[in-house]
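Subject: Structure for you to look through

Dear colleague,

I am passing on the structure we talked about, and below it you will find my notes on what I found. Please read them with the structure open beside you.

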Amino acid sequence: MKNPMRWLPLALLFAACAAPAQQKLVHEERSLYREVLVYEGDGERCMCFTRQCRIGRQSCINLNDPKHFALNYTRMALGGILFTGEKKPQRVLIVGLGGGTIPTALREILPDAQIDVAEIDPAVTRVAKEYFGFRTDPKLEVFEMDGRVYVKRSIREGKKYDAILLDAFDQEYIPEHLLTQEFLEEVKSLLAPGGVLIGNTFSSSKLYDHESTTYAAVYKTFFNLKTANRVIVARPAGLPTEKELRDRALQYELVLRGYGVDIYDVLPLFTTRVDWDTKARVLTDQFSPSNLLNR
Amino acid sequence: MRNAICLSVAFWSGFFVMGVELLGSRYLAPAFGSSIFVWGALITVFMLALSLGYLAGGRWSQYRPSLPRLGLLLAAAALTALPILPLSGAMLDELFFRIPDPRFGSLTAATLLFFVPTFFSGMVSPYCVRLLVQAKESSGKSAGLLYFVSTFGSAAGTILTSFYLVKWFRIDVILEGMIAVSIILAATAALVGGRSR
């Protein structure tokens, strides 16, 4: 009973899976560190560091509604910045620019706040400005510097931040000196009293356990927000209660809706449940094989 | 036997140089980050130190060359790498604040920490050539063998350090281990060379 056609539906299915929505390369440039690529397709424009966005997308905007947050982690990160500090953030530091969707939104949501961004790669900043509507002004500045160098320098200058977002990783490469106990201690000392640290990190691979114990070594407990991505939210002064979180989130309910963020999607993600191997070795400046563990 | 020792020393010296260079990027990263400037500074210092080391090693080989003296070079490289262990923390932070430009900050740091041990490592290769060469006709062959062995050692040092050692050990422990191997090998060269003289 040979019927070649019976495989056809399966073949079609495979074809559909193998070829993702048609992506068009609209810009590429080679920087000191990587290729910065801009792809368009499916009504979205994305910044990627690998061909065909093979290993993740750095930043995406919806072409019809550029304000709308296209990537999931940005919602969690924004929630962390806005909902968890002891007071409304006045000074925010973001390590790693990407397309700049988060600083751009923060600049609008917190018009009085000073927002500093540390981005090592000038090409990323250039592309963010040209393709992702990112704009700098005196209240939103980009410092072309390694994140750790920026943090060290800021400590020396006596700066303090109410919220610090670490967003410098991608699936392909982790700057290992930005994922160590010593670095997290430095970041902690850069936080203003009641300030909050938000880390956009990984939800899978062996690195998950090591990263968790490293954060735990510095911050004891933290919120562990997980979807396909993982966002860690830590507050050295002690985490807010569920009620405090909800009250704060409600203040932003309407404005966040404009970015396609539903606070009732984000709030349930704030959990402190420990779901990692607490015996995993802590990452330090002496031991930081993050890229080897992230596979 | 003498040749085997000589080649082992050259292999290990190549391994040591690249191992230290990779660890060097780890030592520098907390203070200077991992921008392309830091790698540039590090590689510049290693290349410069090696080039001057080759020159000096060649010169010194004209003066009563011996296996124990080759061991001495290896030991010198290892012992001058020792200060990296205590200095890499506080000193780098201090340098970072003194020299705000990441290029010259990391260049200065890399010079202070890595120049001297790498210079002695560079002296090993030409010195080895002198010990290996029997006749003018075969000098190219001997030099070729030596380049092969020492560069192969560098390849081994690179891949082992970056793929495996950093996953198993703290970087201080890796450096201590490499220094220990150098000392053992240097002592072996001194003993064997001393006996067969």
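Where the two chains meet, 15 residues of chain B are in contact with 16 residues of chain A; please keep in mind throughout that this is a predicted model. On the side of chain B that touches chain A, the elements giving two or more residues are helix 1 (2-32), helix 5 (90-98), helix 7 (139-168) and helix 8 (171-195) of chain B. Helix 1 of chain B gives the most, with 3 residues.

Chain A holds an open sheet of 7 strands with mixed pairing, and the strands follow the order 7-6-5-8-9-11-10. Strand 7 (140-144) and strand 10 (223-226) of chain A each have a single partner strand, so they stand at the edges and one side of each is left without a neighbour in the sheet. From one strand to the next, the twist averages 15°.

Strand 5 (residues 91-95) and strand 8 (residues 161-166) of chain A pair in the parallel sense over 4 bridges, and A:Ile94 stands opposite A:Leu165 in strand 8 of chain A. Helix 2 (residues 72-83) of chain A packs on the sheet, where it touches strand 5, strand 8, strand 9 (191-201), strand 10 and strand 11 (230-234) of chain A, and its direction makes about 170° with that of strand 9 of chain A. Helix 3 (residues 101-109) of chain A also packs on the sheet, touching strand 5, strand 6 (114-119), strand 7 and strand 8 of chain A, with its direction at about 170° to that of strand 6 of chain A.

The other pair is strand 6 and strand 7 of chain A, which run in the parallel sense over 5 bridges, with A:Val117 opposite A:Val142 in strand 7 of chain A. Between these strands the chain passes through helix 4 (residues 122-131) of chain A, and this β-α-β crossover is right-handed.

Finally, back in chain B, B:Met18 lies in helix 1 of chain B. Is B:Met18 buried or exposed? B:Met18 has 22 C-beta neighbours inside 10 Å, and therefore counts as buried, the cut-off being 20 or more. Leaving aside residues up to four places away in sequence, B:Met18 touches B:Ser154, B:Gly157 and B:Thr158. B:Met18 and B:Thr158 are 140 residues apart in sequence, yet they are 5.5 Å apart in space, C-alpha to C-alpha.

With best wishes

Technical notes
Residues numbered from 1 in each chain as written. Chains lettered and ligands numbered in written order. Predicted model: local features only at pLDDT ≥ 70, side-chain atom pairs only at ≥ 80, totals over all residues. Contact = placed C-beta atoms within 7 Å. Pairing = 2+ DSSP bridges. Axes fitted to C-alpha atoms, helices over the stretch in contact; angles between N-to-C directions. Buried ≥ 20, exposed ≤ 12 C-beta atoms within 10 Å, placed from the backbone. Right-handed = clockwise from strand over helix to strand, strands pointing away.
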